[in-house]
Amino acid sequence: MVFYFGIYNSGKYWDTGDMRHEIDMNLHVIEEVYKAYGHYKSFGGWYLSLELSRKTKGAISSISKLGKQCKVISNGLPVLISP
């Protein structure tokens, strides 16, 4: 079995339209998770679980930043996202 870790999603940005809190928190979560679990053979990559809308400020740059951080931390493991 291959496990893809889903990043944290508080859902608060749906009320504010601002993803900065999610990004800041997840940059730390990504690093912490990979330190704790990245050495396992079954750790296959990442899943960006944040949902987006046209109202979400900075959505494209936010998702891009998180995806790049996942790749950097884990030496290029796959990053999945659902449309």
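In this predicted model, helix 2 (residues 20-37) has 18 residues, which at 1.5 Å a residue should span 26 Å. Its end C-alpha atoms lie 25 Å apart, in agreement with that value.

**Helix 2: burial and packing**
- Glu 22, Ile 23, Asn 26, Leu 27, Ile 30, Val 33 and Tyr 34 are the buried residues of helix 2.
- These buried residues pack against strand 1 (3-6), helix 1 (13-16), strand 2 (43-48) and helix 3.

**Helix 3: length and sides**
- Helix 3 has 15 residues and should span 21 Å at 1.5 Å a residue; the distance between its end C-alpha atoms is 21 Å, which agrees.
- Its buried residues are Ala 59, Ser 62, Ile 63, Leu 66, Gly 67 and Cys 70.
- They cover an arc of only 125° around the axis, so they are on the same side of helix 3.
- An α-helix has 3.6 residues a turn, so residues three or four places apart point the same way.
- Ile 60, Lys 68 and Val 72 are exposed on the other side of helix 3.
- The cover over the buried residues of helix 3 includes helix 2, strand 2 and strand 3 (79-81).

**Ala 59**
- Ala 59 is in helix 3 (residues 59-73).
- Its relative accessibility is 10%, and buried means under 20%, so Ala 59 counts as buried.
- Leaving aside residues up to four places away in sequence, Ala 59 touches Met 19 and Leu 52.
- Arg 20 is 39 residues from Ala 59 along the chain, and their C-alpha atoms are separated by 9.6 Å.

Terms used:
Residues are numbered from 1 along each chain as its sequence is written. This is a predicted model: local features need pLDDT of at least 70, side-chain atom pairs count only at pLDDT 80 or more; totals for chains, interfaces and linings use all residues. Side-chain values use heavy atoms; hydrogens and water are left out. Helices (H or I, at least four residues) and strands (E, at least two) are DSSP runs, numbered from the N terminus. Buried means under 20% relative accessible area, exposed over 50%, partly exposed in between (1.4 Å probe, protein chains only). Contact means heavy atoms within 4.5 Å. The expected span of a helix is 1.5 Å times one less than its number of residues. The arc is that of the directions from the helix axis to the C-beta atoms.
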